[in-house]
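Please look over the structure below before reading on. The points that follow are numbered and can be checked one at a time.

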Amino acid sequence: MTEADQHLRHDMVRLCRSLFDRGFSVGSAGNVSAKLPDGILMTPTNSTLGSLEAGRISKLDAAGNHVSGDKPSKEVFLHQAFYETRPDAGAVVHLHSTWATAVSCLVDTDPDDCIPQLTPYVVMRVGRVKQLPYVKPGDPRTGDMIRDLKGAYSAVLLANHGPVVTGKNLFSAVCAAEELEETAKLIVALQGKRTRLLTDAQVAELRATFGQI
């Protein structure tokens, strides 16, 4: 095992435990992966993000073959779809977090932009979010739908299921997933109230200053 592999495993244990301890994941829900030069590391199937063991984290090669550790999450295909279509993605975080999942159940959302531009931080860290139609968990069609986006989105919301968020590295992907969850909480809190969104000009300014997600 390389030094980079060991370091990433320990980061994954630490950050996943943080997500679990703060209620972003419950039970065995959610899965996280991160890219290595020779493949990806992924949380194992039926594991709890709060009690991962570094040596048991699944490792897959560049072709997606399981090479070591416990069996990977059944939703490995949606992670692979993001890595294939967004070459700058270094990590993928899929949660069933409460507020983002609540938003994924609302019917009056724009599927091409389902997280409104409420704050500068959701624009800077997450960008536009596409809502994908419901399919059962573990269905490979989710991967196909992500590939069909051709890398245009760094995050998606799976209808009646939850968010999937990418980042350039594991830390940034976790931060983006947290930002999406906090924005979803605002969306639910503001339901039925007159709401001021950032203007297109303000969003363009943020993207020009901080880059396009």
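**Notes on the predicted model**

1. Q117 is buried, at a relative accessible area of 17%. Buried means under 20% relative accessible area, exposed over 50%, and partly exposed in between, with a 1.4 Å probe and protein chains only. Q117 sits in the loop between α3 and α4. Helices (H or I, at least four residues) and strands (E, at least two) are DSSP runs, numbered from the N terminus. Which residues does Q117 touch, not counting residues up to four places away in sequence? They are V123, L197, L198, D200 and V203. Contact means heavy atoms within 4.5 Å.

2. A word on the basis. This is a predicted model, in which local features need pLDDT of at least 70 and side-chain atom pairs count only at pLDDT 80 or more, while totals for chains, interfaces and linings use all residues. Residues are numbered from 1 along each chain as its sequence is written, and side-chain values use heavy atoms, with hydrogens and water left out.

3. Now the loop between β4 (66-68) and α2, where K74 lies. Is K74 buried or exposed? K74 counts as exposed, at 52% relative accessibility. Leaving aside neighbours within four places in sequence, K74 is in contact with T45, P137 and G138. M42 is 32 residues from K74 along the chain, and their C-alpha atoms are separated by 11 Å.

4. Strands β2 (residues 39-42) and β3 (residues 58-61) pair in the antiparallel sense over four bridges. Two strands pair if DSSP finds at least two bridges between them. I40 stands opposite L60 in β3. β3 also pairs with β4, again antiparallel, over two bridges. Here L60 faces H66 in β4. The hairpin of β3 and β4 has four residues between the strands, and G64 takes a positive phi near 90 degrees in it.

5. Strand β5 (residues 91-94) has partners to trace. β1 and β5 pair in the antiparallel sense over four bridges, with V32 opposite V93 in β5. Four bridges also join β5 to β8, and these strands run antiparallel. In that pairing V93 stands opposite V165, and V92 stands opposite T166. A91 and V93 point one way from β5, V92 and H94 the other way, and all are buried.

6. Helix α5 (residues 141-148) has T142, G143, M145 and I146 as its buried residues. They cover an arc of only 160 degrees around the axis, which puts them on the same side of α5. The arc is that of the directions from the helix axis to the C-beta atoms. Their cover includes α2 (76-85), β6 (129-132) and β7. Just after α5, K150 takes a positive phi of about 55 degrees.

7. Helix α6 (residues 170-189) passes a length check. Its 20 residues at 1.5 Å a residue should span 28 Å, and its end C-alpha atoms are 29 Å apart, which agrees. The expected span is 1.5 Å times one less than the number of residues. At the start of α6, a side-chain oxygen of N169 reaches to within 3.3 Å of the backbone nitrogen of F171. Buried residues of α6 include L170, A173, V174, L180 and I187.

8. Last, the cores. The largest nonpolar core has 41 residues, of which M12, V93, I115, V129, L170 and L180 touch the most other members. Such a core is a set of buried Ala, Val, Leu, Ile, Met, Phe, Trp, Tyr and Cys residues joined through side-chain atoms within 4.5 Å. Its largest share, eight residues, comes from α6. Apart from this core lies another, of 20 residues, among them F77, F82, Y153 and V164.

Definitions and conventions
A polar contact is a pair of N or O atoms within 3.5 Å; within protein, one must be able to donate a hydrogen and the other to accept it, and residues adjacent in sequence count only if both atoms are side-chain atoms.
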